[in-house]
Amino acid sequence: MDLSNAVKAPKMRAKDIPISAELSKQLKAIIGCNKLLLGKADRYAYSRDRLPHGLYRIRAGALPGTLPSAVILPESTEDLISITQFCLANQIALIPFGAGSGVLGGTIPLNGELIVDLKKMNRIIDFNEINGTVTVQAGMNGMQFEEALNKRGFTAGHYPQSIAMSTVGGWAACRGAGQASSRFGKIEDMVLGLKAVLPNGKLLDVRPVARRSVGPSIKDILVGSEGVFGFITEITLRIWKKSLHSEGCVLAFPSLQVGFNALREIMQSELRPEVIRLYDAEESHQRTENIAEFKEKPILCIMKFSGLPELLAVEKKLSIEIAQKYGASLTSLAPYEHWQKTRYQSYSTQWQTDDYYMDTVEVTTSWSEVEAVYKTIAKEVKVIYPELHFGAHWSHIYPEGLCQYMTIRLPPMDNLQAHQLHLKLWDKIESICLQFGGSIAHHHGVGFLRGRWMKEELNEGMHLLESLKLALDPGNLFNPGKLGLPLANGAQGLTTNN
Ligand SMILES: Cc1cc2nc3c(=O)[nH]c(=O)nc-3n(C[C@H](O)[C@H](O)[C@H](O)COP(=O)(O)OP(=O)(O)OC[C@H]3O[C@@H](n4cnc5c(N)ncnc54)[C@H](O)[C@@H]3O)c2cc1C
């Protein structure tokens, strides 16, 4: 793939495009004075998400993209309809904002877009114990949502590492997956219905039902839409009785290959551990240095089982038996306990603040290709930069395949060199993944950074997506430049030069 455009020197552009006094007066008249933030400090706070590339730019004294022209804090669906109508009338672009925990630049303004932060829409609207469903406003914080369910004896079963710093709407908008996806499914399996304000200002209501057979799923146009098709305002999710019983176990495998074989057999035998995690030698070593069994069997596997005690006992026994058939040994629970303790912590601020260039890339691969995908990527990234830190683990396991989650880390170096290397590493990883028939993204979504691989990922499907965008949002006002779709007129997007 030709990256020359991506690393060209950027043209100078206005990075601060505040909304005009007249437009802000009109906005205040529509939604109220206390829902609009215009100060530079506030706008600066909303100019980034958790895209590592954006952080590198901030470290170098630059903005990730531009400042938003204003930040709006709606409190209701009516507010969102008014904001959408105002933006339509004035042809102003906007970005739906959950909690800004996205790691691909999904909420980064590229041309002074308005940020519309949904966090004040944070109530549980309906809890239906009989149907096992909950309806929640999109801006509710993930951890507060889960804790509210737990108080009633239920769980949503969606536990992303970022649960405390993301919103339920953001989960759906990014088509995310939690750490217990092997058991409870991914967000698209959990969302039964939703409401959204579309780019034309109309309200879409996909009523929650167990299933329907009425053509393609409308709900799934919004799940994964990353703000380009409107605001998701309410979501109805499937919920489960929260299990009071859980047990972990830790296994040491002699090699990655047998680890893959064992995990595949577990999932294809209809066993559903709540969590299964397998680590490569590099990542295993970081977690098992002082445990004797790992000297001979260096590959770490963590499993967690939950549910009715009788079922849990059987699933655990059968899963361990399969692992042992492939040469695994049961070991000390220390790595499991450490994972439990740190599972919702944000990743390595140490490396980020010490000027390292660290990032994570998650892809989906099939069982038949996973070993080749891993080996090829591990080899090729070192060709790009031999001293690169590279490690991987597999943390979302399905009967058909799995998610490979990789960490790449460059040491402190010249910024321009690091940015070019960083992009080359991404390009190599995504290209290898496509070459072996996998998907470029398992759960982090596309945002801005992954846009350049969308055509290869979706082929003719990209044309469908573009046509849908044109039909729903002809003015390109909702989150322009994301999901591989066109930038707003005059916008340049992110460059890698500073
Ligand atoms: C340390 C860390 C760990 C992470 N772990 C996981 C993980 O385990 N699993 C996982 O899936 N992800 C993970 N992520 C990624 C991220 O947290 C998720 O993508 C999350 O779902 C984003 O939610 P948010 O509310 O922060 O969305 P934001 O970052 O605010 O927005 C993300 C995108 O969704 C759009 N959007 C947000 N809300 C709405 C809405 N209501 N309507 C329409 N569009 C909307 C935005 O426009 C943007 O394009 C992790 C991120 C970090 C930093």
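Trainee: Are α1 and α4 roughly parallel or antiparallel to each other?
Mentor: This is a predicted model. Helix α1 (residues 21-31) and helix α4 (residues 77-90) pack with their axes 10 Å apart, at an angle of about 155°. Angles over 145 degrees count as roughly antiparallel. Therefore α1 and α4 are, to each other, roughly antiparallel.

Trainee: Is the crossing of α1 and α4 left-handed or right-handed?
Mentor: The angle between α1 and α4 is about 155°. The handedness of the α1 and α4 crossing is right-handed.

Trainee: How many nonpolar residues does the contact of α1 with α4 have?
Mentor: From α1 come L23, Q26, L27, I30 and I31, and from α4 come D79, S82, I83, F86 and N90. Sort the contact by class: 1 charged, 3 polar, and the nonpolar residues number 6.

Trainee: Now the strands. Which residue of β4 is the bridge partner of V71?
Mentor: V71 belongs to strand β2 (residues 71-72), which runs parallel to β4 and is joined to β4 by 2 bridges. In β4, V71 has as its bridge partner I115.

Trainee: Which residue stands opposite I115 of β4 in strand β3?
Mentor: Strand β3 (residues 94-97) pairs with β4 in the parallel sense, over 4 bridges. Opposite I115 stands I95.

Trainee: Are the residues of strand β4 buried or exposed?
Mentor: Side chains of a regular strand alternate between the two faces of the sheet. In β4 (residues 114-117), L114 and V116 point one way, and I115 and D117 point the other way. On either side, the β4 residues are buried.

Trainee: Which residue in the turn of the β5 and β6 hairpin has a positive phi?
Mentor: Strand β5 (residues 124-128) pairs with β6 in the antiparallel sense over 4 bridges. D126 stands opposite T135 in that pairing. The hairpin has 4 residues between its strands, and the turn residue with a positive phi, about 70°, is G132.

Trainee: Which residue in β10 is the bridge partner of V134?
Mentor: Strand β10 (residues 231-238) pairs with β6 in the antiparallel sense, over 5 bridges. The bridge partner of V134 is L237.

Trainee: Which strands stand at the edges, each with a single partner strand, β5 among them?
Mentor: The order of this open sheet of 5 strands is β5-β6-β10-β8-β9, with antiparallel pairing. An edge strand here has a single partner, so one side of it is left without a neighbour in the sheet; the edge strands are β5 and β9.

Trainee: Which residue stands opposite L204 in β9?
Mentor: Strand β8 (residues 191-197) and β9 pair in the antiparallel sense over 4 bridges. Opposite L204 stands A196.

Trainee: Where is the place of L312, and is L312 buried or exposed?
Mentor: L312 sits in helix α13 (residues 309-325). Beyond its neighbours within four places in sequence, L312 contacts H245, S246, E247, F305, S306 and G307. Its C-alpha atom is 7.6 Å from that of S246, 66 residues apart along the chain. The relative accessibility of L312 is 1%, so L312 counts as buried.

Trainee: Which strand is the partner of A252 in, and what residue is it?
Mentor: Strand β12 (residues 246-253) pairs with β15 over 2 bridges, in the antiparallel sense. The bridge partner of A252 is in β15, and it is S329.

Trainee: Which strand does helix α11 run at about 90° to?
Mentor: An open sheet of 7 strands runs in the order β15-β12-β14-β13-β17-β18-β16. Helix α11 (residues 281-288) lies across β13, β14, β17 and β18. The strand at about 90° to α11 is β17.

Trainee: Last one. How many charged residues does the contact of α16 with α17 have?
Mentor: Helix α16 (residues 370-384) and helix α17 (residues 415-435) pack at an angle of about 155°, which makes them roughly antiparallel. V373, T376, I377, E380, V381 and I384 of α16 meet L421, K424, L425, K428, I429 and I432 of α17. By class, this contact has 8 nonpolar residues and 1 polar, and the charged residues number 3.

Conventions:
Residues numbered from 1 in each chain as written. Predicted model: local features only at pLDDT ≥ 70, side-chain atom pairs only at ≥ 80, totals over all residues. Heavy atoms only, no water. Buried < 20%, exposed > 50% of the residue type's maximum accessible area, 1.4 Å probe, protein only. Pairing = 2+ DSSP bridges. Axes fitted to C-alpha atoms, helices over the stretch in contact; angles between N-to-C directions. Parallel < 35°, antiparallel > 145°, perpendicular 65-115°, else oblique. Contact = heavy atoms within 4.5 Å. Nonpolar A, V, L, I, M, F, W, Y, C, P; charged D, E, K, R; others polar. Left-handed = near helix turned anticlockwise from the far one by under 90°.
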